[in-house]
Amino acid sequence: MEKRINIAEIEPAAYKALLGLENYLANISISHTLKELIKIRASQINGCAFCINMHTVDARKQGETEKRIYLLNAWREVDGLYTAEERAVLALTEEMTLIANGGVSEETYQTAKSFFNDNELAQIMMAIITINSWNRMSVATQLQPA
């Protein structure tokens with residue numbers, strides 16, 4: 001496999017702009033658990049090995065269980081393991097990540113809105129947008145897990 005470009009080295013200003021979103025996310029009100037579930041699930045969908053590795057390690061450090069991480073890609077099939085709020089966020093994560101498949105349904109949006117206020121919903125959406133940006137950069141440049 002031929003080595004691909006390193007955007008952080010070649011276009012540091014662009015990379016820094018994306019880091020700005022990460023800095024924003026570090027200070028939002030949604031829980032670390034929700035942020036990591038978003039990051040892992042979007043990364044699974046996008047096939048981003050680098051991000052799956054990074055965020056599963058981060059989630060474990062923050063107390064997430066292995067069982068919940070292992071079953072995340074089948075969250076719809078598991079009763080009682082994820083809260084209703086987490087399930088709403090996971091559905092939103094999937095629909096935003098797979099936006100070309102019909103966008104975000106009204107049902108998914110309203111379910112998320114029933115659990116979160118407008119600021120929290122905006123923060124959740126920005127977390128989804130940000131991890132999708134990282135995934136696309138990492139997959140396109142074939143960034144390898146540490």
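At 1.5 Å a residue, the 13 residues of H4 should span 18 Å, and the end C-alpha atoms of H4 are 18 Å apart, which agrees. The expected span is 1.5 Å times one less than the number of residues in the helix. Helices are DSSP runs (H or I, at least four residues), numbered from the N terminus. This is a predicted model, in which local features need pLDDT of at least 70 and side-chain atom pairs count only at pLDDT 80 or more, while totals for chains, interfaces and linings use all residues. Residues are numbered from 1 along each chain as its sequence is written, and side-chain values use heavy atoms, with hydrogens and water left out.

Within H4, Phe50, Cys51, His55, Thr56 and Ala59 are buried, that is, under 20% relative accessible area with a 1.4 Å probe, protein chains only. The buried residues of H4 pack against H3, helix H5 (66-70) and H8. After H4 comes Gly63, with a positive phi near 100°.

Val104 lies in the loop between H6 and helix H7 (106-115). Val104 counts as partly exposed because its relative accessibility is 30%, between the 20% limit for buried and the 50% limit for exposed. Leaving aside residues up to four places away in sequence, Val104 touches Leu92, Glu95, Met96, Ile99 and Tyr109, contact being heavy atoms within 4.5 Å.

Methods
Helix = DSSP H or I, 4+ residues; strand = E, 2+ residues; numbered from the N terminus.
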